[in-house]
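Welcome! Take a look at it first, and then read on.

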Amino acid sequence: MLRLTDIGKTYGLRPVLKGVNARVEKGEIFVLFGHNGAGKTTLLKIAAGIMPPTKGKVEFPGNQDDRSRIFYLGHRNSLYGELTVLENIRFFLDIRNGKERTTNLRETLTDFGLWQRRNDPVKALSQGMKRRLALMKGLISGAGLFILDEPFSGLDIRWKDTLIERFMEIRKNGGSLLIATHLVHEGCRIADRIGLLENGAMAFLEERERAAEAIIQERLKNEICR
Amino acid sequence: MRFAGNTLAIVRKDILLEFRGKEALSIMIFLSLLLLVIFNLAVDIQSENVASLASGILWVVFAFSGILGMGKTSLSERDDGAYLNILFSTVSMESFYIAKVISNLIFLLLMEVFTILSFVILFNYERLIRTFPALAIPLLLGSLGFSIVGTLFSFLSTGSRFGEIILPFLFLPLVVPVLIGGVSATDIILNGSPGESPAKWLKVLVVFDLLYLFISLILFRHIVEE
């Protein structure tokens, strides 16, 4: 579904990524761990095609310029603060896949605790609600590949569990997810494969069964930031 | 159909954002009023010379007020990374650009109507109302030129730390031909001798609009992706 080959990135003279290889198969969740500044966000931006790599290549099936099959969520929520919850969703659906997916909107908004706030401007929502709305857009997007940078950020335990359930549904339906997070417990719960970025290199790449949570915790604790 | 649908969705969203936030239009209208008052104080405008000064004053006000508003509409895409909705959608960069040009054109025309009404009231120059049907054509073509150039440079400058300062420096030199065409056509309509036609200047406006549109469509993709 997504293949990253020998990805390198330098900011000025400073190397941020050094020959990273990774792949995300159809119906698979790949979780990327790493300390702050390890290069996770840069790798995700390169995978999504919004930042060019200095070297290496990114491949996914089909037209490489067609990004409508990808849902990318970075640190920002990509919402229009002046528009209401429903207006944000309607605009998102209008420019993505038409109106055919609006039928289950009420159910999805209710699942994410946003139905009661559907007519409120987004700027009036809490940070957690904004994050939930941003993630909800992904779930109704019809995308096949989800690239998510710290999706659990700002969510309390209830919504983390809801989100994890939804990620599992996406995987079951053949979708692929590339997720960067520093939350080892949540990441290990959902991952099929795990990667650990250390100083811009993939230091650790394992199936979930072989990558114990404790080992990753230990690696992250002991990692010396560059 | 997809092109038209996407363009319309973005224009609708921009109008809704402006209706809610009232940022671009209120700034443009306030500045236009302020400039008219400054002109009133700085230039001795009497009933004898108002006809010869009107076209120049109006187009200077349109250019300076317009550029402020156009900066705001591109900022709405940058806030919270909202432009990522567009990048990961079925919207082509051409469709995105055309939509932004149309949105800016609508706001410019509204500001211009307000400015003309203010001019009539401030300087007691009713001929502007009587000739308005004829004035509408150079207004539309000149505003389109402003919008084509301003939309391109507003996206270029929002990526810069000094964006709002840089924008007029980029915009004003390039719209000089549009200004000359607009002022000349307006002047002929207001003061021309019987039989004198503004057609030559209208053709100049059409040529520059088309030329700028062609160049901008090529450059816009690179600017947004950078």
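How many salt bridges does the rule find across the interface of chain B and chain A? Keep that in mind as you read about a model that is predicted.

## Where the two chains meet

The answer is two salt bridges across the interface of chain B and chain A. In one that you can look up, B:Arg12 pairs with A:Asp94, and the closest N and O atoms are 3.0 Å apart. Polar contacts can be counted here too: 12 residue pairs are in polar contact between chain B and chain A, with both residues at pLDDT 80 or more.

Chain B brings 27 residues to the contact, and chain A brings 23 residues. Between them, chain B and chain A bury an area of about 2200 Å², with 57% of it coming from carbon and sulfur atoms. On the chain B side, B:Asp80, B:Asn85 and B:Phe88 supply 33% of the area that this chain buries against chain A, more than any other three residues.

Sorted by class, the residues on the side of chain B that touches chain A are 11 nonpolar, seven polar and nine charged.

## Two domains within chain A

Now turn to chain A by itself. Its domain assignment gives domain 1, made of 1-69 + 144-181 + 199-226, and domain 2, which covers 78-140. Domain 1 of chain A puts 15 residues into the contact, while domain 2 of chain A puts in 11 residues.

Together, domain 1 and domain 2 of chain A bury about 1100 Å², and 63% of this lies on carbon and sulfur atoms. Within domain 1 of chain A, the residues that lose the most area to domain 2 are A:Leu155, A:Trp159 and A:Arg166, which together make up 45% of what that side buries.

## Links between the domains

The rule finds one salt bridge across the interface of domain 1 and domain 2 of chain A. It also finds four residue pairs in polar contact across this interface, both residues being at pLDDT 80 or more.

Which elements of chain A supply at least two residues each to the side of domain 1 that touches domain 2? They are β6 (145-149) and α5 (157-172) of chain A. The most come from α5(A), with five residues. By class, this side of domain 1 of chain A holds six nonpolar, four polar and five charged residues.

## A pair of rings in chain B

Over all chains, the count comes to 15 aromatic pairs. One to find is B:Phe119 with B:Phe123: their ring centres are 4.5 Å apart and their planes meet at 55°, so this pair is tilted. B:Phe119 and B:Phe123 sit in helix α5 (residues 93-123) of chain B, and because they are four residues apart there, about one helical turn separates them.

Key: Residues numbered from 1 in each chain as written. Chains lettered and ligands numbered in written order. Predicted model: local features only at pLDDT ≥ 70, side-chain atom pairs only at ≥ 80, totals over all residues. Heavy atoms only, no water. Domains from an automatic or database assignment. Contact = heavy atoms within 4.5 Å. Buried area = accessible area lost by both parts, 1.4 Å probe. Salt bridge = Lys/Arg side-chain N within 4 Å of Asp/Glu carboxyl O. Polar contact = N/O pair within 3.5 Å; in protein donor to acceptor, adjacent residues only side chain to side chain. Nonpolar A, V, L, I, M, F, W, Y, C, P; charged D, E, K, R; others polar. Phe/Tyr/Trp six-rings, centres within 6.5 Å; stacked < 30°, edge-to-face > 60°.
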